[in-house]
Amino acid sequence: MADTLVLRFAASHEQLQLADRDINALAERQRWPEDLLFKIKLVIEEVGLNIIDYGYERDDSKEIEIRFRCGEDALTIDIIDEARAFDPLTEPPAPDTSAGLEERAVGGLGLHLVKEMMDEVCYAREGNRNRLTLKARLAP
């Protein structure tokens with residue numbers, strides 16, 4: 001069954017946490033397995049916090065929009081913001097996960113996890129907006 005959810009909220013940690021209940025309701029309607037729900041919530045949190053903390057520098061007068069489209073075989077999520085242009089597919093470089101914790105550079109690991117957890121990740125700059133599109137295949 002196709003289903004959609006559009007969330008628009010002020011760019012704050014508190015508002016990002018409140019989005020959880022709507023994501024949980026969508027997951028329940030769509031009967032997502034627990035592992036998919038865990039991945040989706042982790043990805044939304046990671047990207048959302050990056051937008052809030054770095055893109056908007058904690059300016060909660062700005063907004064984040066997240067659009068969920070559940071198809072028969074895939075879940076597509078668009079995360080849209082008006083922060084400065086930032087392509088997470090090229091910036092920052094992929095972290096060296098083979099290095100010891102003491103030798104690793106700070107940052108980049110969360111975005112690396114996003115790329116690893118999703119089946120597809122695409123970025124586009126549309127006018128003054130960043131659009132990060134994430135896809136997760138749904139099991140038959």
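**Fold and backbone**

Q: How many helices and strands does the protein chain have?
A: This is a predicted model, and its protein chain has 3 helices and 5 strands.

Q: In what order do the elements run?
A: Starting at the N terminus, the order is β-α-α-β-β-α-β-β.

Q: What share of the contacts with a separation of 6 or more joins residues 24 or more positions apart?
A: Such pairs account for 63% of those contacts in the protein chain.

Q: And what percentage of the residues is buried?
A: Of the 140 residues in the protein chain, 39% are buried.

Q: Now the backbone. What is the phi of Arg 31?
A: Arg 31 has a phi near 60 degrees, which is positive although the residue is not glycine.

Q: Where is Arg 31 placed?
A: Arg 31 is in the loop that links helix H1 (13–30) to helix H2 (34–55).

Q: Is Arg 31 buried or exposed?
A: Arg 31 counts as exposed, because its relative accessibility is 74% and the threshold is over 50%.

Q: What about phi at Arg 58?
A: The phi of Arg 58 is positive, at about 60 degrees, and this residue is not a glycine either.

Q: Which loop holds Arg 58, and is the residue buried or exposed?
A: Arg 58 is in the loop between H2 and strand S2 (63–70). With a relative accessibility of 54%, Arg 58 counts as exposed.

Technical notes: Residues numbered from 1 in each chain as written. Predicted model: local features only at pLDDT ≥ 70, side-chain atom pairs only at ≥ 80, totals over all residues. Heavy atoms only, no water. Helix = DSSP H or I, 4+ residues; strand = E, 2+ residues; numbered from the N terminus. Buried < 20%, exposed > 50% of the residue type's maximum accessible area, 1.4 Å probe, protein only. Contact = heavy atoms within 4.5 Å.
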